[in-house]
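User: I'd like to learn how to read aromatic contacts in a structure. Could you walk me through this one?

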Amino acid sequence: MMVIAGSSAPATLLSAPNRQLRILSWPDYFPPRLLKEFTLSTGIEVEITPIFSNAEMFYRALEPKSIPFDLVTPGHGWARRWSSSRLLRPFREAVYGDLALDPLLVGAAHRDWSFTSGGLYWLPTVWGSEVVAWRSDRNAEFGHSSEGGPGYADIWNVGSDNKSLIRVSSGFTGAGLLMASRELLNPGDLWAARQDKVTMERVWGEIIAFCIARKASIGGYLSGLPSVELFFRKNPLGIAQINESWVDKLQSLGLKVISRAPKEGALAWADGFALTHRGRNQSEAETFVRYWLDQEVAGRSLSSHGFHSAVIGAESHAGFQYRMRLQERYPGEARSQLQLMPSAGEWFTEKRAAFIRDFLEAPIPQPPPPEVEPVEESLPPEGEKPALEKS
């Protein structure tokens with residue numbers, strides 16, 4: 001029998017639904033069966049308004065004539081936008097203080113979502129990342145070819161030719177992580193570049209120079225599922241740095257594609273709960289947050305939406321297939337090495353686009369011609385003269 005987090009009340013009907021909760025979120029986050037259980041156990045009716053992008057969520061919540069939503073689920077990277085909007089209110093520590101949330105994600109929340117002293121405006125719920133993927137039926141040894149497993153060096157490999165597929169922006173960030181692992185960048189440079197324009201110019205100048213020197217390794221740029229499928233069908237020995245949800249889609253199409261988190265740390269995203277100032281049902285929202293971040297409830301939702309939970313141990317309540325997929329993609333300490341990018345201002349996006357153009361417009365470096373040892377001409381023995389040709 002399920003018990004609501006923070007309460008001793010069993011999941012049975014406590015009262016007829018007479019309380020309301022309005023949530024602005026992605027359509028597949030909340031399985032209907034779990035929403036029904038929540039309503040039966042609390043008497044709180046939940047209304048989900050679906051959105052399909054972080055931008056849509058932000059501007060719908062910002063619109064003064066829109067419905068006053070109680071909860072939103074913004075992406076971690078949108079911290080600066082939400083901070084400047086003043087649309088949110090902080091969570092009380094009593095809401096999250098005893099929840100078993102991943103320390104890495106909670107640390108990112110304190111780093112980027114503490115808009116006021118001691119106030120936490122965002123609680124992580126689900127996460128995912130970009131992985132290194134390849135066809136196991138044609139490249140069976142790849143995952144075991146280097147110590148520690150595959151990584152960004154396999155994407156930016158000087159010796160390869162048109163073997164790699166990347167997303168334009170995150171592919172270069174992966175290259176930056178590779179450079180940091182080789183001490184070509186100072187620790188923290190990659191993230192500091194998202195906060196300071198001078199640092200950004202220096203760091204991204206070095207990253208793009210590094211990538212241009214290895215441009216021959218790139219065989220394509222991700223532009224949708226068809227582009228990924230075509231890449232793996234035409235280039236069966238290729239590898240890709242793609243979001244892991246795309247791996248699931250490729251497998252559903254019959255391609256034998258497997259993936260691993262890069263050994264230097266997977267580039268991760270995370271979504272989380274946030275309370276709005278305009279919301280009229282704060283108590284109901286807090287009850288829902290504690291319910292949804294309960295280990296059992298979070299685990300039971302994993303097989304529905306396919307993402308990973310920010311709740312430690314949630315996977316023990318998920319299906320067998322999900323647990324095997326999680327173990328395959330994030331072996332060992334991979335989950336503790338996730339790289340959650342800090343929020344950045346609009347200026348960063350504009351400057352990064354300029355550096356990316358420099359890369360795309362740069363010619364592919366040509367390898368130097370092979371060195372050929374000079375051949376010494378043999379001279380006739382001393383005293384002998386070569387015969388003269390008759391005219």
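Predicted model: local features only at pLDDT ≥ 70, side-chain atom pairs only at ≥ 80, totals over all residues.

User: How many aromatic pairs turn up in the whole structure?

Analyst: The search gives 26 of them. Take Phe 30 and Trp 292: the ring centres sit 4.9 Å apart with the planes at 80°, and since over 60 degrees counts as edge-to-face, that's what this pair is. Phe 30 is in the loop between strand S1 and helix H1, while Trp 292 belongs to helix H12, 262 residues away. Both Phe 30 and Trp 292 are buried.

User: And what is the geometry between Phe 38 and Phe 288?

Analyst: Their planes stand at 90° with centres 5.1 Å apart, so that pair is edge-to-face as well. Phe 38 sits in helix H1 and Phe 288 in helix H12, so the pair ties together parts 250 residues apart in sequence. Phe 38 is buried too, at 0%.

User: Which residues do ring pairs link into a cluster?

Analyst: Among them are Phe 30, Phe 38, Phe 288 and Trp 292, along with Trp 26 and Phe 307.

User: Which charged residue lies over the face of Phe 210?

Analyst: Arg 214, at 3.7 Å from the ring centre. Likewise, Lys 249 lies over the face of Trp 246, at 5.4 Å.

How values were computed. Residues numbered from 1 in each chain as written. Heavy atoms only, no water. Phe/Tyr/Trp six-rings, centres within 6.5 Å; stacked < 30°, edge-to-face > 60°. Helix = DSSP H or I, 4+ residues; strand = E, 2+ residues; numbered from the N terminus. Buried < 20%, exposed > 50% of the residue type's maximum accessible area, 1.4 Å probe, protein only. Lys NZ or Arg CZ within 6 Å of the ring centre and 35° of its normal.
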